Amino acid sequence: FIVTFLTFLSIAGIPSFLESRSLYIRETLNGHYNAFSYSVANFVSTIPWLLLIAIVVSMILFFMIQDHGIDDAHYFGIFFLNIFMTAMVSESMVVCVSAMSGGQFMVAFAIAGGLMALYIALCGFFLLPSNIPWYWIWVHYALSFHTYSFQ
């Protein structure tokens, strides 16, 4: 459930990305930087915040639900990486959807929310893979990054 919450939390980044979009277009047209450097800088600038969120959530949840044993550090690392990587993929997907929305705020929200809901519905949390219709099963294995997080 927490992974689902964190992925929907990434939708909150749409307004800030769309606000900086006009600045990006202006600076690109002036020749100051290109799309690759902007994308890398945007990606790198989100890492500290997502690390902080993942560490706090992992520290609270792991020790709340896990029996303490010898291999706690190993399992905590897996748990932390699972939450961090899911948040990174979700954040990157939201940035891609925002970039393709043409600067339309509500379009970006609708598409990102719809894709997240589709991925969550077909990841195995609400439906078992055996109950997913054959024409939707490809979303379960190919697109839904929640599938591997819930396993």
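Colleague: Which pattern does the chain follow when it is read along the sequence?

Modeller: Read along the sequence, this predicted model follows the pattern α-α-α-α-α-α-α, and the secondary structure accordingly comes to seven helices and zero strands. The C-alpha atoms fill a box of roughly 55 × 40 × 20 Å, taken along the principal axes.

Colleague: How many Å should helix α2 span, and how far apart are its end C-alpha atoms?

Modeller: The general idea is to count 1.5 Å a residue, with the count taken as one less than the number of residues.

Colleague: Where does α2 bend, and which residue takes a positive phi just after α2?

Modeller: The bend in α2 is about 30° and lies at arginine 21, while glycine 31, just after the helix, takes a positive phi of about 80°.

Colleague: Which residues of α2 are buried, and what do they pack against?

Modeller: A residue is called buried when its relative accessible area is under 20%. In α2 the residues that count as buried are Ile14, Phe17, Leu18, Tyr24 and Glu27, and these pack against α3 (35–65), α4 (72–100) and α5 (105–121).

Colleague: What percentage of the chain's residues count as buried, and what is the accessible surface of the chain?

Modeller: Of the 151 residues in the chain, 33% count as buried. The accessible surface comes to about 9,300 Å², and 73% of that surface belongs to carbon and sulfur atoms.

Definitions and conventions. Residues are numbered from 1 along each chain as its sequence is written. This is a predicted model: local features need pLDDT of at least 70, side-chain atom pairs count only at pLDDT 80 or more; totals for chains, interfaces and linings use all residues. Side-chain values use heavy atoms; hydrogens and water are left out. Helices (H or I, at least four residues) and strands (E, at least two) are DSSP runs, numbered from the N terminus. The bend at a residue is the angle between axes fitted to the seven residues ending there and the seven starting there. Buried means under 20% relative accessible area, exposed over 50%, partly exposed in between (1.4 Å probe, protein chains only). Contact means heavy atoms within 4.5 Å. Accessible areas come from the Shrake-Rupley method with a 1.4 Å probe; for residues, only the protein chains shown count as cover.
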